[in-house]
Amino acid sequence: MNQVLLLLGSNKGDRLNFLNLALDRIDQISLKTPVVSHIYESEPWGFDSKSWFLNMAVSMQTELSPLDLLDKLMEIESDLGRKRDPEASGYESREIDIDIILFGEIILEGERLTIPHPRAYQRKFVLVPLNDIASDYIFPGSGKSMGELLKDCPDKSEVQLWC
């Protein structure tokens with residue numbers, strides 16, 4: 001059984017409802033009740049949008065492989081209205097985004113999935129909610145805990161407690 005740390009985000013439509021609907025679906029595929037962070041509001045990272053994101057971290061347990069879990073999470077995104085534009089060259093607003101940040105101690109670099117999530121340690125909107133539920137978790141390859149990574153994070157974007 002693997003502990004998986006996810007980040008959920010929404011900046012389109014009823015953001016809180018999308019987070020809750022995704023969490024309900026994640027609960028159905030998790031072997032144990034997921035542990036969740038507070039919800040944070042953060043400015044968009046890497047693109048311009050008038051709508052800020054709501055983000056939350058989720059810790060779940062699974063026996064699925066990383067790619068099988070990715071398929072399940074992408075199905076949840078699709079069911080909740082996310083449409084991926086294969087022609088898009090960058091980030092865009094979305095109803096729901098579910099990213100696998102860490103998957104046990106696995107380090108994976110593939111076409112469809114990279115674990116740990118690239119650049120996660122550089123983004124406050126990822127580290128702040130993860131710090132709520134996994135502050136002592138050592139980020140693979142860094143030798144640092146989530147708390148240490150957050151303290152050293154160069155990202156100056158705004159992340160504020162929403163609820």
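Predicted model: local features only at pLDDT ≥ 70, side-chain atom pairs only at ≥ 80, totals over all residues.

Biologist: How many helices and strands does the protein chain have?

Modeller: Helices (H or I, at least four residues) and strands (E, at least two) are DSSP runs, numbered from the N terminus. The protein chain has four helices and ten strands. Read from the N terminus, their order is β-α-β-β-β-α-β-β-β-α-β-β-α-β.

Biologist: What is the radius of gyration of the protein chain?

Modeller: The radius of gyration is taken over C-alpha atoms, and the globule rule is 2.2 Å times the number of residues to the power 0.38. Here the radius is 15 Å, close to the 15 Å that the rule gives for 163 residues, so the protein chain is as compact as a globular protein of that length. Along the principal axes, the C-alpha atoms fill a box of roughly 35 × 35 × 30 Å.

Biologist: Which residues of helix 3 are buried?

Modeller: Buried means under 20% relative accessible area, exposed over 50%, and partly exposed in between (1.4 Å probe, protein chains only). In helix 3 (residues 124-134), the buried residues are Phe125, Val126, Leu127, Val128, Pro129, Leu130 and Ala134. Their cover includes strand 1 (2-10), strand 4 (53-62), strand 5 (97-103) and helix 4 (146-152). In the protein chain as a whole, buried residues make up 45% of the 163 residues.

Biologist: How many salt bridges does a search of the whole structure find?

Modeller: A salt bridge is a side-chain nitrogen of Lys or Arg within 4 Å of a carboxyl oxygen of Asp or Glu. The search finds seven. One of them joins Lys12 and Glu95, at 3.7 Å from N to O. This pair links distant parts of the chain, 83 residues apart: Lys12 lies in the loop between strand 1 and helix 1 (15-29), and Glu95 in the loop between helix 2 (66-79) and strand 5.

Biologist: Are Lys12 and Glu95 buried or partly exposed?

Modeller: Lys12 is partly exposed, with a relative accessible area of 39%, whereas Glu95 counts as buried at 16%.

Key
Residues numbered from 1 in each chain as written. Heavy atoms only, no water. Contact = heavy atoms within 4.5 Å.
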